[in-house]
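Here are some quick notes from a colleague, to read with the model open. Could you follow along and check each spot as you go?

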Amino acid sequence: MLKNFLTVGGWTMLSRILGLVRDQLLAAFMGAGALQDAYQVAFRLPNMFRRLFGEGAFNAAFVPLFSSVLTKEGEDEARTFARRALGVMLVWLLFLCVLGEIFMPQVLRLIAPGFSQAGERYALAVSLSRITFPYLVLICAAALVAGVLNGLHRFGIAAAAYLAFNVVGIAAILLASSFLPNVAYAAAWGVTASGVVQLGLLLWAAHRAHFGLMPLRPALTPRIRLLVRRMVPGLVGSGVGQINLTVDTIIGTLLPSGSVSLMYFADRINQLPLGVLGAAAGTTLLPVLTRHLAAGEHDAAHSAQNRAMSYVLLLTLPAVAGLLVLAGPIMIVLFGHGSFTERDALLSAQALRAYAIGLPAFVLVKVFSPAFFARGDTRTPVYVGIGILVLNFLLNLLFMKPLAHMGPPLASSLAACVNVACLALLLMRREALRVSGMEQIRMVKTACAAGLMGLVLVGVQAVLVFPAGLILRVLWLSGMVGLGAVLYGVFLHLSGIMNGADILARVQRRLQKRRS
């Protein structure tokens with residue numbers, strides 16, 4: 001599982017790095033204003049549906065069923081099920097896409113109520129949304145094919161295909177902008193084009209795996225009905241985070257112009273650790289849990305769950321400490337160029353700190369949710385999710401005036417903490433989550449190591465003031481990140497969580513094997 005975890009995490013990290021380049025271009029060319037706000041709202045809509053129908057509810061219901069059919073009935077039955085599911089999904093999504101294109105002005109009034117006060121921004125958002133909305137069909141179909149590949153334990157190619165989104169997006173911004181009214185139109189067309197490329201790559205990978213997925217005529221077979229029954233409640237249960245982000249966007253449109261942009265770029269940095277660790281944990285854990293439970297190996301399922309928790313906390317907690325201490329320099333170095341001013345970067349850093357508070361909770365939700373889905377329970381998370389949605393909305397209303405662009409991120413973080421606490425308690429009550437005393441001590445030591453690292457960085461930052469000039473700033477930030485990594489490793493070694501000598505020996509053995 002660790003190998004698959006690192007494989008998915010590695011490809012996802014590369015995708016996030018390319019995404020960072022894409023976001024830097026968006027910030028430099030559009031800044032934080034009306035044009036950027038309109039594009040971000042246009043992208044939020046298909047991206048939300050992608051997470052809900054593609055990577056969220058559908059995937060959470062489909063992967064366990066597919067893995068179970070593959071294990072018990074063989075490849076032919078599993079292929080038929082996947083092809084039938086793809087046919088049903090395409091018909092449903094095409095219908096939804098047509099409705100969205102027709103009623104886009106009304107949809108924008110709902111998700112961006114603040115835009116109606118500014119006619120130009122609203123009209124631009126409608127036009128851009130109509131360009132990006134077909135991405136919904138393409139990427140949800142791609143998520144199903146990726147789910148099949150994950151069920152076949154071909155995690156690498158499924159994760160690698162998502163690089164296309166950022167590669168195509170970067171190319172569109174750099175090459176197509178001069179042929180279109182502005183950069184926002186080029187970025188919007190890049191979104192839809194990337195969906196075509198991603199789906200094509202995944203279908204090719206499935207064909208190479210001798211698992212062709214030509215969709216079958218839609219039919220509500222008993223297995224498809226079971227899939228739908230499991231999926232519908234999961235729309236809220238697995239999509240709480242995305243729905244909360246959409247609520248944040250709705251509230252952001254009611255704040256001063258540029259607030260949506262400030263929150264977006266903060267969330268993109270927060271998504272580096274969240275996307276890498278959350279995607280890796282959720283993607284690799286779900287089929288593993290499903291296989292162990294189908295075979296009656298409950299102890300192995302508990303062990304896999306605990307290992308996933310340990311891995312994500314070991315990597316997430318130092319990220320939280322680093323983001324809280326270095327948010328300002330990070331945002332200035334990465335985005336404080338062109339139309340995105342240094343003041344914009346510092347304001348966005350405030351939102352980043354608010355998001356970082358909830359980072360462990362956001363990731364742990366990705367670890368706990370598969371424990372329900374693997375047992376065929378998509379209803380329990382939905383009940384928790386409804387309460388979390390209400391809480392997030394109330395917190396947004398409470399924070400939006402006094403905290404402005406920091407309000408929605410802080411509301412999402414607090415809601416995520418409550419969400420993960422509820423899921424953990426429910427799993428413990430059902431004896432689906434058992435955390436030993438040793439594991440608890442390990443988690444406390446990990447948190448202490450991350451906290452000590454953050455405190456030392458605060459002291460160093462007070463002595464070595466953030467310099468002027470881009471090159472000096474890049475060197476300063478690189479040095480601080482490197483120092484943080486070394487400190488964290490030393491503290492882990494001193495606490496007994498990690499043995500530095502053993503790790504060096506393993507690395508040396510692996511290097512020797514490669515040379516030989």
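Predicted model: local features only at pLDDT ≥ 70, side-chain atom pairs only at ≥ 80, totals over all residues.

1. Take Gln-36, which sits in helix 2 (residues 34–73). Its relative accessible area is 0%, so Gln-36 counts as buried, the cut-off being under 20%. The side chain of Gln-36 makes a polar contact with the side chain of Gln-40, at 2.9 Å.

2. What else is in contact with Gln-36, leaving aside neighbours within four places in sequence? The list is Leu-26, Ala-27, Met-30, Gly-31, Ser-261 and Phe-265. Ser-261 is worth a look: it is 225 residues from Gln-36 along the chain, yet their C-alpha atoms are separated by 6.1 Å.

3. Next is Thr-192, in helix 9 (residues 183–208). Thr-192 is buried too, with a relative accessible area of 12%. Its side chain reaches the backbone oxygen of Ile-131 at 2.6 Å. Not counting residues up to four places away in sequence, Thr-192 touches Ile-131, Thr-132, Pro-134, Tyr-135 and Leu-138.

4. Buried residues of helix 19 include Arg-473, Trp-476, Tyr-488 and Phe-491, along with Gly-484 and Gly-489. Ser-495 is also among the buried ones. Just after helix 19 comes Gly-496, with a positive phi of about 85 degrees.

Key: Residues numbered from 1 in each chain as written. Heavy atoms only, no water. Buried < 20%, exposed > 50% of the residue type's maximum accessible area, 1.4 Å probe, protein only. Helix = DSSP H or I, 4+ residues; strand = E, 2+ residues; numbered from the N terminus. Contact = heavy atoms within 4.5 Å. Polar contact = N/O pair within 3.5 Å; in protein donor to acceptor, adjacent residues only side chain to side chain.
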